[in-house]
Structures are given as C-alpha cells and as structure tokens.
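Visitor: I would like to learn how to read a model feature by feature. Where do we begin?

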2 protein chains.
Amino acid sequence: MEPKSTFLRACLRLPVERTPIWLMRQAGRYLPEYRDIRSEAGDFLNLCYNPKLATEVTLQPLRRFPLDAAILFSDILVIPQAMGMSLKFSVGEGPIFSNPIRTIKDIEELEVPNPEEKLAPVLEIVTQLRKILGETPLIGFSGSPWTLATYMVEGGSSKKFHQIKAMMYNNPMLLNQILDILVISVAKYLNAQIRHGAQAVQIFDTWGGVLAPEQFREFSLKPVAEIIKRLDRIGPDKVRVPVIFFAKGCGYMLEEMAEIGCDVLGLDWTTNLAKAHQRVGHRVALQGNLDPSVLYASPEVIQREVFELLNSYPSPTGHIFNLGHGLEPDMDPERVSILVEAVHQASSLKGKSIK
Amino acid sequence: MEPKSTFLRACLRLPVERTPIWLMRQAGRYLPEYRDIRSEAGDFLNLCYNPKLATEVTLQPLRRFPLDAAILFSDILVIPQAMGMSLKFSVGEGPIFSNPIRTIKDIEELEVPNPEEKLAPVLEIVTQLRKILGETPLIGFSGSPWTLATYMVEGGSSKKFHQIKAMMYNNPMLLNQILDILVISVAKYLNAQIRHGAQAVQIFDTWGGVLAPEQFREFSLKPVAEIIKRLDRIGPDKVRVPVIFFAKGCGYMLEEMAEIGCDVLGLDWTTNLAKAHQRVGHRVALQGNLDPSVLYASPEVIQREVFELLNSYPSPTGHIFNLGHGLEPDMDPERVSILVEAVHQASSLKGKSIK
C-alpha cells in the first residue's frame, strides 16, 4: 500500500506536494522544555527508559514546529547495554562502558538481546507514540554496527579510535565477531520497533568517516547491508517501511552506499546535494543536508540558504529536508521555527513551479 | 635547476629511484627525547621560539629514522600572535586567544607582521636547520587562512565553529577582511621561510573539512590560491620550491584543489590514492595517505599496508609517502621505524620492477 504522509512518500520517491522536513536531534537540549524534563528525569538513561517522559520529549518539537516526522527519543547505546554491557552516562564525559570489549572472552559474554524483554520500555514508547502521533509518521533508529562497536571497544566516546583500529588491523576476525552479533541484535531491535509502530527506520553511522575507504566498505557498509536484508520491510499497516542510512563524512562513497538496499541516503553538509543526486540517480532518495551552523545566522540568511538548497535538488520527489548533522544545544528554537517555515513555504512554491 | 633530493624530485614529478617519505608531526610527543626537551623548555611557545631547542627537536626524528625530509618545528599560531593577538597555551586546553576577533575594530588592530622582525627567531631556526641538514631538504609551513581564522575568531580550538560560521553566514565581508590580512601575512611569512632556506612549503588546512563545498571554495581554497600566487617559487639556490596543500576531509574537492597552483596535494586516509591519481592525473603530485592508526598494528600489518599503498600508486614518480594525518603521542617509535624502513625497501623494489 502507498503511504499518505509526505515524509514517507518522499522516502519512497512517490509524488509529493512539497518537500518534507524533520531535523536530526529535533528532540533535545536546545529546547527549554526538554531541559526541564531532563532535569526531572535525573540520569539520562532514566529518561530513555521512562515511557511517559521519553514520549513527551519526542513530541515536544512537534508541538512547536510543523515537522513532517517524529523520531523516537532514545540513545544508540541501549543496544550494547541490552547485550549485557554496563553503561553509565557521566556528566561532561558522555557514555562510559566500564568493561570494554577487547578479547574473545569479552565477546562470548555478549548476548543477542530479545528486544521484547530487554528493551521493552523502548518498545512501549514506540507503541504509545504511534497511538498519539496519528497521521505524523514515526521514525525508529539504531546505530550502525561499526559505530556501536567503536563505543563498545573504546569503552566510550573516542577521538582517535586507537583500540578499535588496532583491533581492525591486527585482528579483523575479532572485530567481525563483534559486528556479527551487532548485525543480529540491531536487526531484531529494528524489526521490533517496526512491529510496534515505527514507519521508517534510520541507521546512524556516526563514525564511518574515520575509516579508510576499504575499511569503511568492509566494517561499516557490509554489516549495514546485512541488517537491511533482515528487516521486515512491510509494516503492520501493510505500508513499506523505508530505511534511511546516514554515514557522516562518507559522501565519497555515495554510489556504493546506494547499493546496500536502503531507500534513503542521509547526507552531511560537505556533499553537494545536486551532485549527489546526479551520482545516485533515482536509486535512492536523499535526506539532508543544510550546514547546521546556518541556524546561527540571521532569519534572512536561513531563508536564503533553504531556498538555494531546495532549488538545487532537481527532482520533484525523493528529497527529505534535514540538517547535515544534529541540532546543537546552543541553537535558538526561534531560528529552527524560521527554518521549518521556510522549507514548507519555499518547497510548496517549488512544487507549483514544477506543475 | 633540478633538485637532487628524492623528496623534492617527487614533489616536482621528476624521475626518482624510490618513493620518499616524511611524516606529519614527525617531531613530537611520541619521541621520549622530544618530551625531555619539551619539559626543559617549559612553555610550548618557548620551545617554538628557542632556536637551539626548536632546531634540535626538528632534527630528532631524522637521527632515529632515514626520513627524506625535515619539517620545521613550529606552530601555525605564531602568525596570529605576530599579527598582535595575545596567545597562550594552557595545559590540557590547547591554544587560547584572550581577545578573539569578532568586529571590524578587532580587525583594524591586526597588523601585517614583518617576519624578519616579529618572527625572527623562527627564521633563525630555518637558517640553522638548513646549514645542518646538508642534502636533506627542509619543509617550511603555515596554516591556511581559513584554519588560522578559526582559532582567531573562536578564541582557540573549536568543535562546532559556532562563532566563525555565524560570521561567515551573517557577515562574510568581515570574514573576508580577516582572510585578506592573513593572505598577505602568510605569503610574506612563507617567502621569508623560503629566503632563509625552506626548500618546500606546506599549507595546512586542518579545518577545511568542516565547510560545505561552496564555502570551502570561497573561504578556504580562494585565499590559499592567492597566497600561492604571491610566493617566490625559486629559492635562493635557484631550485623550484614546491608548494604542498593539505586540506583534511576535503578529498571530494581534489579536482579543484589541483588547480590552485600547488605542486603537491596532501591526502588524508579517507581518499583512495589510486583513484585520487586518476582524478588529478599528472597535474599535481600526491602526498599521503596511510591511516595513522596502522601504526597501532603489528610490524607485519604495517609492512603489508605500506606495500599495498605503494603498489596502488600507478606512476613511477609524483608520490610522497606520508600518513593521512599527524603522528599521535601514544605511537611507538619502533613502529615508526618499521614504517619508514618498509617504505624505503618496498619502493626500491617497486622502482626496479618498473625499470
């Protein structure tokens, strides 16, 4: 069945009236109402696992702005935690895994979690959101195996990726074993999100850009392709569930990324949207890719940049407007509002000029 | 006149017996003898401005490894300091400019420094090094105007580049004024380095990769092209002085970067060397681009990766071996030694197989 929403239609390259928009990290610290709930929840993970609060936080940006999709509020690291790793978020330091994965023994202790048990609160949030959202589509998500593995092997955030790269070069079999378990775990998790009501899913490969091309192909792209093969692509409502793949800093690989079975490629802002479309043709839709820093500029500049980006995309469908990366805590919600309005207005005009 | 050294010859795409190698940040914290001198010098800037110590630090890696070039030990931020900005290096926080450039008034206070006065100690280091180095060529360097401007406008290191990007979008004229002064200052500084004995110069654009393509072209590439136009390309010894341009994260722009007048493009490790050569042909030589993390791997893996990289480059000259980014403090000098030996051995064999 064909979906009705502009967002899902654009993902599947079906005709649309105008360009849909959602924003990576649209639920987050730039919103004062988020900061209120965040301090009420205390620990960040408490917020992720609290159905009432996480549902509310997901909906906050949609109350402010006429966005075309909601994205589940959660964290990519709930999967390694469900696999049995001990996870903490410490203030100022970010996520910390106290027992990083370095040996075959560490890997043997990881389990493939049953999401209905281990991630039940997240799935409950998905169920609730789907009920409340009505016509607005809900995006589920996961980190890519490579990106999740960086945290699991490094023991937290990293700049240099010393541990995982040493493993990749010295003992690629070990890394592949971690990635294999992640492929199965992430596929099950995304399928559970789809069963519970996610109408599209995005796979974030935040750290694919630190890899050389051969390694990116082998350790990031291949596992993502294996996940996509395992996904139930028709949701409970009989509508096709688009898969969006976003790999930051990997624009040079677009042609190959377009072949892994996803419906949409997310672009960061260092890739030219029009040229990206030339390179991938109609094989995939494109999502992105305004430089997030444009939100530090004046309303006039925001409108101009939106207009130029929309106009540079040459096809009447297959573009989902987004930033090239997530919203930042110091961004002004007023500017976000101007951005969303500008996309809606300018793309409606563009639609008319095409007809 | 044609240079004799393998490094300079490869930069100018003249026939060579084997592939030359030097390493970004080859003088630095991974060497215990560097750490000794660093603690003797106290403040990091003291070290940069101390002819005896900076000369010694430049030479240290050449005593350990048969590298094909030396690179002046200094910091890119000596230029903004010479322009009148107050600079400090605080432990753990990196460089801090206490009065960042935000207004036209701030810009008016910047001066174009006469390097023979304001940077006399650095030029003395160049002079000394050239005397000591003999046949080994000396590389001078500078940051690119865009990269220098990020520190000057942000007031130090940055992750998000909020201030300078806001300026770029809201008031590009202001940013261009800063870049204009930097173009003149950097060109004078590099010409002074050449006069004093630098036989090649590298322009580092560490932060070009945070820009969208249009902005990279306008605010990074254009000022660099203007610097290159102003350089004395024949050194005091009548030999051509190659210009190397290294822009991290900008591999998508190779074709345009090859047109700005440089002799060599430095590549980070996310660009495939063979494909890069296909794209730029014989217009420029290529420098790079082993993933620095290969140095965390075993000797066998280092040798294999070196061999593969050398073999992937299809031309008998025009390749200068380097890492795709600088050496890290936690790298093992023993592994660096294995790397340098592997490049010398494997590329000599390669040279023979070509003949």
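Guide: This is a predicted model. Begin with strand S4 (residues 138–143) of chain A. Six of its six residues are buried, so S4(A) is largely enclosed by the rest of the structure.

Visitor: Which residues of S4(A) point one way, and which the other way?

Guide: A:Leu138, A:Gly140 and A:Ser142 point one way. A:Ile139, A:Phe141 and A:Gly143 point the other way. Both sets are buried.

Visitor: Which strands is S4(A) joined to by bridges?

Guide: Strand S1 (residues 70–71) of chain A is joined to S4(A) by two bridges, and the two run parallel. Here A:Ile71 stands opposite A:Ile139. S5(A) is joined to S4(A) by five bridges, again in parallel. There A:Ile139 stands opposite A:Ala200.

Visitor: In what order do the strands of the open sheet come?

Guide: Seven strands of chain A take part, in the order S1-S4-S5-S6-S7-S8-S9, with parallel pairing. S1 and strand S9 (319–323) are the edge strands of this sheet, each pairing on one side only. Further along the order, S6(A) and strand S7 (residues 264–266) of chain A pair over three bridges, in the parallel sense. A:Phe245 has A:Leu265 in S7(A) as its bridge partner.

Visitor: Now helices. What is the general idea?

Guide: An α-helix has 3.6 residues a turn, so residues three or four places apart point the same way. Take helix H12 (residues 213–230) of chain A as the case. H12(A) has 18 residues and reaches 25 Å from its first C-alpha to its last, close to the 26 Å expected.

Visitor: Where does H12(A) bend?

Guide: The bend is at A:Leu221, by about 35°. A proline, A:Pro223, follows within four residues.

Visitor: Which residues of H12(A) are buried, and what do they pack against?

Guide: Among the buried ones are A:Phe216, A:Phe219, A:Leu221, A:Pro223, A:Val224, A:Ile227 and A:Ile228. The buried residues of H12(A) pack against several elements of chain A, including helix H11 (172–196), strand S5 (200–205) and strand S6 (243–247). Helix H9 (145–154), helix H10 (162–170) and helix H13 (254–257) are also packing partners.

Visitor: What about a single residue? Is A:Ala54 buried or exposed?

Guide: A:Ala54 lies in helix H4 of chain A. A:Ala54 counts as buried because its relative accessibility is 0%. Leaving out residues up to four places away in sequence, A:Ala54 touches A:Leu47, A:Cys48, A:Phe73 and A:Ile125. A:Ile37 is 17 residues from A:Ala54 in sequence and 9.0 Å away in space, C-alpha to C-alpha.

Visitor: Next, charges. How do I read a salt bridge?

Guide: Side chains of opposite charge can pair when their charged atoms come close. A search of the whole structure finds 38 salt bridges over all chains. In one of them, the side chains of A:Arg9 and A:Glu2 meet at 3.1 Å, N to O. A:Arg9 is buried, with a relative accessible area of 17%, whereas A:Glu2 is exposed, at 52%.

Visitor: Which residue forms a salt bridge with A:Glu33?

Guide: A:Arg64, with the closest N and O atoms 2.7 Å apart. A:Glu33 lies in helix H2 (residues 32–41) and A:Arg64 in helix H4 (residues 51–64) of chain A, so the pair ties together parts that are 31 residues apart in sequence. A:Arg64 counts as partly exposed, at 35% relative accessibility.

Visitor: And chain B?

Guide: There B:Arg63 and B:Glu56 meet in a salt bridge, 2.7 Å from N to O. B:Arg63 is exposed, with a relative accessible area of 55%. B:Glu56 is partly exposed, with 25%. A network of salt bridges links A:Arg25, A:Glu328 and B:Lys160.

Visitor: How do I read the relation between two chains?

Guide: Two copies of a chain are related by a rotation about an axis and a shift along it. Here chain B can be laid on chain A by a turn of 180° and a shift of 0.0 Å along the axis, with an RMSD of 0.0 Å. The two copies are thus related as by a two-fold rotation axis.

Visitor: Which residue of chain B comes closest to the rotation axis?

Guide: B:Tyr252, with its C-alpha at 3.2 Å.

Visitor: Through what surface do the copies meet?

Guide: Of the interface residues of chain B, 100% are also interface residues in chain A, so the copies meet through the same surface.

Conventions. Residues are numbered from 1 along each chain as its sequence is written. Chains are lettered from A and ligands numbered from 1 in the order in which they are written. This is a predicted model: local features need pLDDT of at least 70, side-chain atom pairs count only at pLDDT 80 or more; totals for chains, interfaces and linings use all residues. Side-chain values use heavy atoms; hydrogens and water are left out. The expected span of a helix is 1.5 Å times one less than its number of residues. The bend at a residue is the angle between axes fitted to the seven residues ending there and the seven starting there. Buried means under 20% relative accessible area, exposed over 50%, partly exposed in between (1.4 Å probe, protein chains only). Contact means heavy atoms within 4.5 Å. A salt bridge is a side-chain nitrogen of Lys or Arg within 4 Å of a carboxyl oxygen of Asp or Glu. Copies are superposed by least squares on the C-alpha atoms of residues with pLDDT of at least 70 in both. Two strands pair if DSSP finds at least two bridges between them.
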